[in-house]
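Student: I am new to this structure. Please take one part and walk me through it closely.

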Amino acid sequence: MKRVAAFAVLALACAEAMASGVRCHVIYGGENFTVDATPTSDPYRVESVKIGRYFEFKLVYAKLPVTGESIKAYVYGVSTGTPVPIHQATWRPPFDPRADGWGFTGFHSLYEPSKSSEFQYWCRYFAGELPATQAPMPTGQLTPVPPKPQ
């Protein structure tokens, strides 16, 4: 019985060590933001993150028994108080964990016509634990040049 308990604890520790996640880098209004997501079995409870005064960004990493894994990014525009979807993208495995380029999503640019706002993002997949979050750094430009991924 002790061996079974020890094996269960070891299996749980290994599963947590192999945890995965997604980090998206968002650029809007001269500032850089970071949004993280870890696997969830309840994607409808994931909340969006307010980016500036007009945009909301929602990142969902779903692991469901029936449909499997997927990563979805949603961008909403909020001009009248109600979020309106303006962009949605879905990715399915295999997710490329390489650090070069613009991650597994590529570089996305979205525009809000009434305010002439530009929203840019790209995402990286991490097969292990997510690294520590770096503080957002303002770029000092209205339409910033995307930072080169490290």
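Tutor: Start with Phe-55 and Phe-119, which are both buried in this predicted model. For Phe-119, the relative accessible area is 0%. A residue counts as buried under 20%.

Now look at the two rings together. Phe-55 and Phe-119 form a tilted aromatic pair. Their centres are 5.0 Å apart, and their planes make an angle of 50°. Phe-55 belongs to strand β4 (residues 55–64), while Phe-119 belongs to strand β8 (residues 117–126). The pair therefore ties together parts that are 64 residues apart in sequence.

Stay with Phe-119. Its ring also pairs with Tyr-121. This pair is edge-to-face, at 6.4 Å centre to centre and 65° between the planes. Tyr-121 is buried, again with a relative accessible area of 0%.

Step back to the wider group. Ring pairs link Phe-55, Phe-119 and Tyr-121 with Tyr-28, Tyr-54 and Phe-57 into a cluster. The structure as a whole holds 15 aromatic pairs.

Next, follow β8 to its partner. β8 pairs with β1 in the antiparallel sense, over eight bridges. Within this pairing, Tyr-125 in β8 is the bridge partner of Val-22. Strand β1 spans residues 21–28 and is mostly covered. Seven of its eight residues are buried.

β1 has another antiparallel partner, strand β2 (residues 31–37). Seven bridges join these two strands. Here Cys-24 stands opposite Val-35 in β2. The hairpin of β1 and β2 has two residues between the strands. Gly-29 takes a positive phi near 60° in this hairpin.

Now return to β4 from another side. The second largest pocket holds about 210 Å³ of space. It is lined by 13 residues, and those closest to its centre are Pro-43, Tyr-44, Ala-62, Lys-72 and Tyr-74. Two elements, β4 and β5 (68–77), each give two or more residues to the lining. The largest share is from β5, with five residues. By type, the lining has seven nonpolar, three polar and three charged residues.

Finish at Tyr-74, one of the residues closest to the centre of that pocket. The charged end of Lys-58 sits over the ring of Tyr-74, 5.5 Å from the ring centre.

Definitions and conventions. Residues numbered from 1 in each chain as written. Predicted model: local features only at pLDDT ≥ 70, side-chain atom pairs only at ≥ 80, totals over all residues. Heavy atoms only, no water. Phe/Tyr/Trp six-rings, centres within 6.5 Å; stacked < 30°, edge-to-face > 60°. Helix = DSSP H or I, 4+ residues; strand = E, 2+ residues; numbered from the N terminus. Buried < 20%, exposed > 50% of the residue type's maximum accessible area, 1.4 Å probe, protein only. Lys NZ or Arg CZ within 6 Å of the ring centre and 35° of its normal. 1 Å grid on protein atoms, 1.4 Å probe; cavity = no way out; pocket = protein on both sides within 12 Å on 5 of 7 lines; lining within 4 Å. Points joined across faces, edges and corners; volume = space filled by probe spheres on them. Nonpolar A, V, L, I, M, F, W, Y, C, P; charged D, E, K, R; others polar. Pairing = 2+ DSSP bridges.
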